[in-house]
Every structure is written in structure tokens, then in C-alpha cells.
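Here are my notes on this model, point by point. Please read them with the coordinates open.

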Amino acid sequence: FLEEVPDLMLSTLYLYMLVRIKFSSDQNFKTPFFTLFVSTGLCGLISVVSHICIAKFTYNEHMLWAFQLAWIINYMGAIGSTIGKLLIVVHRFEVLRSVELKENVSFFTYFFLLY
């Protein structure tokens, strides 16, 4: 249990930061980048918590469904986090590539207008 204490503490602080960003009244946090950042962070947190559940609990044949469910949630959290990071990179590239450096234009607007 001692090795999960840093994960749980830092995950709690990370969740607090994501909630503060999401519900902030500052307009700088209302950009598509921060929307992608929050959703990617939530997927990463889901992956971390489900990994702790997989690693720490013992499963017998009657609880195999719980192990499989935790494994699927872990996998989907990791895939969601990876796709979110890819979208952040593409959005950053599109913002820096544009002449106006428009931050508040969504990724999908860039994607459908430029390609």
C-alpha cells in the first residue's frame, strides 16, 4: 500500500487542479487547449485508479468479471489519454501554423477548413 500513497496523493491534487481549471471564470482557461487538457487528464486519472484496483485486489474465479471490467476501464483510459494528447499536439501545431495564432478556434474548425 505504501507505494500507492504518492499516486493517490498526486492524483488527488491533479484532480483538484483539473476541477479548478474547468470551473474557473478566467477566459484564458476556456480555450480548446484547456478543454482537451482537462479531458486528457481525466482519462489519465481513470487509468491510474483502475490500475491501482487491478494491482492491489485479489480476484478469484467469481470476481473475474471485476478484473476484466477494471482492465477494460484501464485500457480505455489509456487510449483516451493518448488520443487526447494527439489532439493537443495537432491543435498546438494548427495554432502555431496559422498566421493569426487564433487560440479560441476549435481543433475541428481548423481540421475541416484546412484539409
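**Notes on the predicted model**

1. Glu 3 and Lys 56 form a salt bridge, with 2.8 Å between the closest N and O atoms. The pair ties together distant parts of the chain: Glu 3 sits in the segment before helix 1 (5-22), Lys 56 in helix 2 (residues 32-56), 53 residues apart. A salt bridge here is a side-chain nitrogen of Lys or Arg within 4 Å of a carboxyl oxygen of Asp or Glu. Helices are DSSP runs of H or I with at least four residues, strands are E runs of at least two, and numbering starts at the N terminus.

2. On provenance: this is a predicted model, where local features need pLDDT of at least 70, side-chain atom pairs count only at pLDDT 80 or more, and totals for chains, interfaces and linings use all residues. Residues are numbered from 1 along each chain as its sequence is written, and side-chain values use heavy atoms, with hydrogens and water left out.

3. Which residue does Lys 56 also meet in a salt bridge? The partner is Glu 4, at 3.5 Å from N to O. This pair also links distant parts of the chain: Lys 56 in helix 2 and Glu 4 in the segment before helix 1, 52 residues apart. The search of the whole structure finds 2 salt bridges. In general, side chains of opposite charge can pair when their charged atoms come close.

4. Is Glu 4 buried or exposed? Glu 4 counts as buried, because its relative accessibility is 10%. The cut-offs are under 20% relative accessible area for buried, over 50% for exposed, and partly exposed in between (1.4 Å probe, protein chains only). Lys 56 has a relative accessible area of 38%, so it is partly exposed.

5. The UniProt record, an unreviewed entry, lists residues 35-59 and 65-88 as "transmembrane region". Positions follow the numbering used here, feature names are shortened, and annotations may be inferred rather than shown by experiment. In the model, residues 35-59 are 88% helix and 0% strand, with end C-alpha atoms 37 Å apart. Residues 65-88 are 100% helix and 0% strand, with end C-alpha atoms 34 Å apart.

6. Ser 81 lies in helix 3 (residues 64-97). Ser 81 is buried, because its relative accessible area is 9%. Leaving out residues up to four places away in sequence, Ser 81 touches Thr 40, Cys 43 and Gly 44. Contact means heavy atoms within 4.5 Å.

7. Cys 43 is partly exposed at 22% relative accessibility. Cys 53 is partly exposed too, with a relative accessible area of 26%. The structure holds 0 disulfides (cysteine sulfur pairs within 2.5 Å).

8. Val 89 also belongs to helix 3. Val 89 counts as exposed, because its relative accessibility is 53%. The C-alpha atoms of Val 89 and Phe 33 are separated by 9.4 Å, although the two are 56 residues apart along the chain.

9. Ile 79 is another residue of helix 3, and is partly exposed at a relative accessible area of 37%.
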